[in-house]
Amino acid sequence: AAGAIVLAKTNTPEFACGANTVNPVFGATRNPWNSALSPAGSSGGSAVAVATGMVPLAQGTDFGCSIRIPAAFCGIVGIRPTPGLTPNYPMPLGWDPGQVHGPLARSAEDAALMLDAMVGFSRLSPISVAPPWASAQVEVARARHAKGLRVAYAPDIAGIGVDAEIDNICRAAARRLQETGAVVDEIAFDVSDGRDPYQAWRGAWMVAQQFANLSRLSEFGENLRGNVERGLKVTTLDLAQAEQTRQIVFHRFRELFERYDLLLTPAAPVKPFPVEQNFPDEINGRKFENYVDWIAPAFLVTLVSLPAGSVPAGMTSDGLPVGLQIVAPRFEEPRILSLAKIVQQMNPIGWPPEG
């Protein structure tokens with residue numbers, strides 16, 4: 001309705017379940033910076049289409065990391081909006097605050113343009129809300145500096161560790177914002193106690209999402225089947241405990257945002273991994289406890305219904321992009337994208353050699 005030309009359906013893992021974009025129907029989507037590596041997922045097809053110039057804009061969905069880490073791995077901008085801003089209809093679970101739609105673009109300005117077209121009150125969604133801002137595109141276009149912003153950088157909010165090179169690149173990008181007027185502090189901020197609550201919530205969500213297909217569970221692929229089977233073991237007490245901890249974690253974020261305007265952290269704690277690998281299983285020699293632990297820095301933001309974006313912060317020594325996650329209070333999408341614009345201008349990475 002806003003004038004875009006819809007070109008195609010991009011590739012995802014089965015039912016968008018997984019952080020590597022591989023499925024038996026269309027095969028593997030490959031990272032445009034190194035085709036032996038993964039673009040992450042689930043919106044990996046969208047991220048690669050944007051990064052390679054196949055399309056200027058693409059839509060993604062994000063429940064755990066599915067916009068932000070593909071954006072990070074592919075060197076583009078992606079944002080997970082506040083739940084309710086983008087109606088989910090006709091997807092299952094009308095009251096779901098977890099899986100949201102958001103834009104992927106080559107620049108923060110383009111992401112703001114697409115976000116303006118996506119958001120808005122809709123009677124099709126029982127949790128739909130209108131944005132409190134008139135135009136993200138206008139606000140981002142006006143952003144010239146970070147003067148007056150109080151910014152916190154936390155290298156590891158999930159308690160899982162972070163690759164040293166990624167941390168160094170993200171920290172340097174955060175510190176560089178001081179040159180344009182921001183006050184930047186490095187802080188210790190730990191919300192790792194939200195990992196188990198997210199797992200319980202995610203398990204129940206998987207069962208509800210696939211409720212109409214539960215009789216065909218044996219036909220699902222390994223990732224989707226395993227997620228649903230784990231979800232079927234979640235108890236009422238598990239969910240009750242999860243909700244108690246979830247609100248504690250939310251208020252920890254709330255208190256942080258009373259002192260700072262924005263939180264910066266690595267979007268992904270690891271570099272892109274081989275496309276044949278289902279998921280990374282360790283970081284800094286430490287084994288992950290389960291197959292989604294590596295995306296905890298992203299899903300802990302999902303847990304508390306906050307918006308967050310990923311913007312390129314620099315390149316690794318082996319030529320791979322690194323994403324910086326920008327987290328803000330609810331409905332602060334224009335502020336996220338405005339800072340993303342400045343970060344991108346201060347840390348240009350170019351485009352994939354294969355793009």
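The model is predicted, so local features need pLDDT of at least 70 and side-chain atom pairs count only at pLDDT 80 or more, whereas totals for chains, interfaces and linings use all residues. Residues are numbered from 1 along each chain as its sequence is written, and side-chain values use heavy atoms, without hydrogens or water.

Arginine 202 belongs to helix 6, residues 195–209 (helices are DSSP runs of H or I with at least four residues, strands runs of E with at least two, numbered from the N terminus). Beyond its neighbours within four places in sequence, arginine 202 is in contact (heavy atoms within 4.5 Å) with Phe63, Asn227, Tyr291 and Val292.

An open sheet of 8 strands has mixed pairing and the order 3-5-4-11-12-8-6-7, two strands being paired if DSSP finds at least two bridges between them. Strand 3 (57–62) and strand 7 (183–186) are the edge strands, each pairing on one side only. Strand 4 (residues 77–80) and strand 5 (residues 100–105) run antiparallel and are joined by 2 bridges; valine 77 stands opposite alanine 105 of strand 5.

Helix 3 (residues 108–118) lies across strands 3, 4 and 5, at about 145 degrees to strand 5 (angles run from 0 to 180 degrees between N-to-C directions of axes fitted to C-alpha atoms, for helices over the stretch in contact). Helix 10 (residues 333–346) also packs on the sheet, touching strands 4, 8, 11 and 12, and its direction makes about 5 degrees with that of strand 11.
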